[in-house]
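Hi everyone, thanks for coming. I'd like to walk you through one structure today, so please have a look at it first.

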Amino acid sequence: MITIGDGIHNFADGLAMGAAFSVSWRSGLATSLAVLCHELPHELGDFAILLHCGLSVRKALLLNVGSALTSFIGLYIALSVSTQSIAEEWISAITAGFFLYIGLADMLPSMIHVDSKKPWLIFLLQNLGLLTGWGILLLLSLYEDQIGI
């Protein structure tokens, strides 16, 4: 279940990156950076869960790589379909819906049900992390035209 869910999630990431690259390379670069920032801890967490479930390191890596390859499928589909502006809008709307669903259905309940002796510290750290992520995304969206290589 973890690998299937992660594969769907990575497919949505590929759709988002493909739609963004079809708009401009700057938008694609900003979206890719945002995806990297949220995928790195996500994939490490999935790897740890697979190891905890009793899989060997090799099998856990193969499952993680296999689910990560679905992002290329989403990327190629988005790049080939998004030649029309209406397709870009639909792809962006669908991937935004995926990300909102993942955030609300998966991450939010796990943030709420944390057992700790210092609940205010956990609350502070969680909100600091959320605000930092939103700040990075805001900066990327504001200055994406000035990103240069």
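**A walk along the chain**

Let's start with the overall layout: reading along the sequence, you go through the pattern α-α-α-α-α-α. In other words, there are 6 helices and 0 strands in this chain. Please keep in mind as we go that this is a predicted model. As for dimensions, the C-alpha trace spans about 50 × 35 × 30 Å along its principal axes.

Now, how is the chain divided? Domain 1 covers residues 1-106, and domain 2 covers 114-148. If you take the C-alpha centres of domain 1 and domain 2, they sit 20 Å apart. Where the two touch, domain 1 brings 7 residues to the contact and domain 2 brings 6.

So much for the layout; let's turn to what that contact is made of. About 550 Å² is buried between domain 1 and domain 2, and carbon and sulfur atoms give 70% of that area. Which residues of domain 1 lose the most area to domain 2? They are R26, A30 and A34, which together make up 61% of what the domain 1 side buries.

The side of domain 1 that touches domain 2 consists of 5 nonpolar residues, 1 polar and 1 charged.

Last stop: the aromatic rings. The structure holds 2 aromatic pairs, and I'd like to show you one of them, W120 with F123. Is this pair stacked or edge-to-face? The ring centres of W120 and F123 are 5.8 Å apart and their planes meet at 85°, and planes over 60 degrees apart count as edge-to-face, so this pair is edge-to-face. Both W120 and F123 belong to helix α6, which runs over residues 119-142. Within helix α6 they are 3 residues apart, about one turn of the helix.

Terms used: Residues are numbered from 1 along each chain as its sequence is written. This is a predicted model: local features need pLDDT of at least 70, side-chain atom pairs count only at pLDDT 80 or more; totals for chains, interfaces and linings use all residues. Side-chain values use heavy atoms; hydrogens and water are left out. Domain bounds come from an automatic or database domain assignment. Contact means heavy atoms within 4.5 Å. Buried area is the accessible area (1.4 Å probe) that two parts lose on being put together, summed over both. Ala, Val, Leu, Ile, Met, Phe, Trp, Tyr, Cys and Pro count as nonpolar, Asp, Glu, Lys and Arg as charged, and the others, Gly among them, as polar. Rings of Phe, Tyr and Trp (its six-membered ring) pair if their centres lie within 6.5 Å; planes under 30 degrees apart count as stacked, over 60 as edge-to-face and the rest as tilted. Helices (H or I, at least four residues) and strands (E, at least two) are DSSP runs, numbered from the N terminus.
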